[in-house]
Amino acid sequence: MKEYDIVVIQYLEALSEFEQLHDTTIALGRKILIAMDRTYTWEQDIASQFLKKVIGSGYTIRKILPHAKYDSYHKQDVVIWDYTSACVLIRNLFDSYFIFFHYCVEAAETDTEKDFKILFWDYYLLNKTMKALNTLNSQNDKKKQIEIDAERQYEKIKGNIYYQSLIENIKGENSQETEKKRKNFEQKIKKCEIFQIPVNSEIARRAGINSENYSLIYNFLSMHTHCDSFSIDQIAAFRTGGTEEYRLIEGIIRSDLNIAFSLFIRDFCRVFPESSEQISEEIRGKIKSISRIIQEPIKTNKT
């Protein structure tokens with residue numbers, strides 16, 4: 001068998017795995033989102049919104065990837081595949097997963113920590129809404145109330161014991177540096193310059209992702225997200241339907257996309273245990289395999 005044929009087969013296998021994973025998220029949606037006759041916990045409510053986002057991104061990615069179910073490339077004389085947009089969407093999936101894991105999956109150690117997460121989630125929403133309205137010079141009648149609600153929410157955050165402990169645990173080499181670092185942290189919270197207290201790399205570690213593996217995945221996808229010279233150079237050398245093009249896209253599906261979906265499905269079922277019945281034995285096996293693989297550095301076809 002020719003090398004080209006082997007590479008195409010490998011690509012189609014990776015693509016089929018992704019489509020099965022995406023179909024599984026759709027099945028989870030039918031089970032959870034349509035069954036509205038139940039009371040959600042706060043974490044479950046937020047998790048259900050993340051599920052909608054993941055399902056929607058999956059549909060779009062299936063329109064981008066050649067030979068996917070919703071792809072229209074084969075019907076047209078297309079001279080380039082939208083490889084970089086796929087990378088952008090996949091990195092966004094990882095960003096979403098880390099936030100989902102932090103807020104919905106990782107259990108708070110204390111009630112005050114849980115309260116802080118909820119308070120900050122709502123404050124961030126109010127703060128960013130207010131900033132958007134101000135940027136647009138909006139005359140929305142609700143703007144003043146949103147501003148008042150944001151101020152009240154921030155006061156609750158300042159009174160939260162867990163938040164106070166975060167500040168107290170910030171240390172510098174001397175008292176002056178400690179005070180400076182604490183004030184800087186407080187300003188970041190007040191201005192909503194951060195959204196989750198642990199950085200993505202730390203959340204990835206807690207989710208069972210090897211640090212080297214995390215860096216490999218996230219840094220590669222980021223180069224396309226930020227559209228640097230590396231990204232542009234790959235586009236310049238890219239030709240539709242070639243051996244290396246199939247190899248490259250197969251790499252991002254197998255080493256990035258399928259991991260993102262597997263992690264989300266795995267941990268969504270931790271938030272909604274009853275949803276696991278929607279997962280086939282084949283997909284269970286794939287998710288278990290990927291969960292083991294991500295604990296070690298991944299060998300990829302991304303070049």
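Is Glu277 buried or exposed? Glu277 turns out to be exposed, with a relative accessible area of 52%; here, buried means under 20% relative accessible area, exposed over 50%, and partly exposed in between, with a 1.4 Å probe and protein chains only. The model is a predicted one, so local features need pLDDT of at least 70 and side-chain atom pairs count only at pLDDT 80 or more, while totals for chains, interfaces and linings use all residues. Residues are numbered from 1 along each chain as its sequence is written, and side-chain values use heavy atoms, with hydrogens and water left out.

First, the overall picture. The protein chain has 12 helices and 0 strands, where helices (H or I, at least four residues) and strands (E, at least two) are DSSP runs numbered from the N terminus. Going along the sequence, that gives the pattern α-α-α-α-α-α-α-α-α-α-α-α. The C-alpha trace spans about 70 × 50 × 45 Å along its principal axes. Of the 303 residues in the protein chain, 47% are buried.

What about the inside? The largest nonpolar core holds 88 residues, a nonpolar core being a set of buried Ala, Val, Leu, Ile, Met, Phe, Trp, Tyr and Cys residues joined through side-chain atoms within 4.5 Å. Leu65, Phe100 and Ile253 are the members that touch the most others. Helix H11 gives the most to this core, with 15 residues. Leu248 also sits in helix H11, and at 8% relative accessibility this residue counts as buried. From Leu248 to Pro198 there are 50 residues along the chain, and their C-alpha atoms are separated by 32 Å.

Now for the charged pairs. A search of the whole structure turns up 20 salt bridges, each one a side-chain nitrogen of Lys or Arg within 4 Å of a carboxyl oxygen of Asp or Glu. One of them joins the side chains of Arg62 and Glu19, at 3.7 Å from N to O. Arg62 belongs to helix H2 (residues 42-64) and Glu19 to helix H1 (residues 3-32), so this pair ties together parts that are 43 residues apart in sequence. Both partners are tucked away by the cut-off used here: Arg62 counts as buried at 1% relative accessibility, and Glu19 counts as buried at 16%.

Back to Glu277, which forms a salt bridge with Lys31, with the closest N and O atoms 3.1 Å apart. Lys31 is in helix H1, whereas Glu277 is in the loop between helix H11 (243-271) and helix H12 (281-293), so the pair ties together parts that are 246 residues apart in sequence. Lys31 is partly exposed, with a relative accessible area of 29%. Helix H1 also holds Ala27, which counts as buried at 15% relative accessibility. Ala27 and Ser275 lie 248 residues apart in sequence, with 8.9 Å between their C-alpha atoms.

A salt bridge can also sit within a single helix. The side chains of Lys158 and Glu155 meet at 3.2 Å, N to O, and both residues lie in helix H5 (residues 143-158), 3 residues apart, about one turn of the helix. Lys158 is partly exposed, with a relative accessible area of 34%, and Glu155 counts as partly exposed at 46%. Elsewhere, salt bridges link Glu106, Glu202, Arg205 and Arg206 in a network.

That leaves the surface. Patches are made of residues with over 30% relative accessible area and no salt bridge, with like charges joined within 9 Å and nonpolar side chains (Val, Leu, Ile, Met, Phe, Trp, Tyr) within 5 Å. Lys128, Lys131, Lys190 and Lys191 form a positive patch; Lys and Arg count as positive and Asp and Glu as negative, with His and the chain ends not counted, and the place of a charge is taken as NZ of Lys, CZ of Arg, CG of Asp or CD of Glu. Lys191 is found in the loop between helix H7 (175-190) and helix H8 (200-206), and counts as partly exposed at 40% relative accessibility.

There is a nonpolar surface patch too, made up of Met1, Ile6 and Ile9, with about 320 Å² of accessible area together; accessible areas come from the Shrake-Rupley method with a 1.4 Å probe, and for residues only the protein chains shown count as cover. Ile6 lies in helix H1 and is partly exposed, with a relative accessible area of 37%.
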